[in-house]
Amino acid sequence: MSHNTTNGTGRAPSTDTFTCLRCGSVVNRIAPDDSRRNHCPSCLTSRHTDDHIDGGVSECQARMTPLSIAVLRSGRWALIHRCTRCYELSLHQVGGDDNQLILMRLAVRPLAEPPFPLDVFADL
Ligand SMILES: [Zn+2]
Ligand SMILES: [Zn+2]
């Protein structure tokens, strides 16, 4: 008998995957730290599947692009996604293996592109 490591733990086999709408990666919905994942760890693109108002499954199913970073009360980071079709915003916790380069780029973007000249602070 061959040793089956995927099915002997009592947990469901990890066949629950989705294909990233942007980069085509096949992503396991269960992250390595056992949390549920709804966005691609390499390009951070998500999909509009949850209806946040009715609490059910959204009919939209369009691509959601990462817009910004929010810091949760716990100190963890969350990603703010915006749907490319209906423009709904949603908050998703950052996974341990999410692309750190893209995360940092999102986090510093408001500081790198301020809507006003920074030299006003020199006069304070
Ligand atoms: Zn992707
Ligand atoms: Zn949508």
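A residue counts as buried here when its relative accessible area is under 20%. That cut-off comes up a few times below, in a walk through what is a predicted model.

First, the overall layout. The protein chain has 1 helix and 6 strands, and along the sequence these run in the order β-β-β-β-β-β-α. The chain is made up of 124 residues, and 27% of them fall into the buried class.

Next come the zinc sites. The zinc ion (ligand 1) is held by Cys20, Cys23, Cys40 and Cys43, each through its SG atom, at 2.2 to 2.3 Å. Written as a spacing pattern, these donor residues read C-x2-C-x16-C-x2-C. Cys23 sits in the loop between β1 (17–19) and β2 (26–28), while Cys43 sits in the loop between β2 and β3, so this pair links parts of the chain that are 20 residues apart in sequence. For reference, the ideal angle for four tetrahedral donors is 109.5 degrees. Cys43 has a relative accessibility of 7%, so it counts as buried. Cys23, at 39% relative accessible area, is partly exposed instead.

The zinc ion (ligand 2) has a histidine among its donors: His48 coordinates through ND1, and Cys60, Cys83 and Cys86 through SG, at 1.9 to 2.4 Å. Along the chain, the spacing is H-x11-C-x22-C-x2-C. His48 and Cys60 both belong to the loop between β3 (46–47) and β4 (63–71), and the pair therefore ties together parts that are 12 residues apart in sequence. Both His48 and Cys60 are buried, going by the under 20% cut-off. Around the zinc ion (ligand 2), the 4 donor atoms subtend angles of 103 to 124°, so this arrangement is tetrahedral too.

Notes:
Residues are numbered from 1 along each chain as its sequence is written. Chains are lettered from A and ligands numbered from 1 in the order in which they are written. This is a predicted model: local features need pLDDT of at least 70, side-chain atom pairs count only at pLDDT 80 or more; totals for chains, interfaces and linings use all residues. Side-chain values use heavy atoms; hydrogens and water are left out. Donors are N, O and S atoms within 2.8 Å of the metal (3.2 Å for Na, K and Ca); water is not among the atoms, so sites may look incomplete. Four donors count as tetrahedral if all angles lie between 85 and 135 degrees; four count as square planar and six as octahedral if opposite donors are over 155 degrees apart and all others between 65 and 115; anything else is irregular. Helices (H or I, at least four residues) and strands (E, at least two) are DSSP runs, numbered from the N terminus. Buried means under 20% relative accessible area, exposed over 50%, partly exposed in between (1.4 Å probe, protein chains only).
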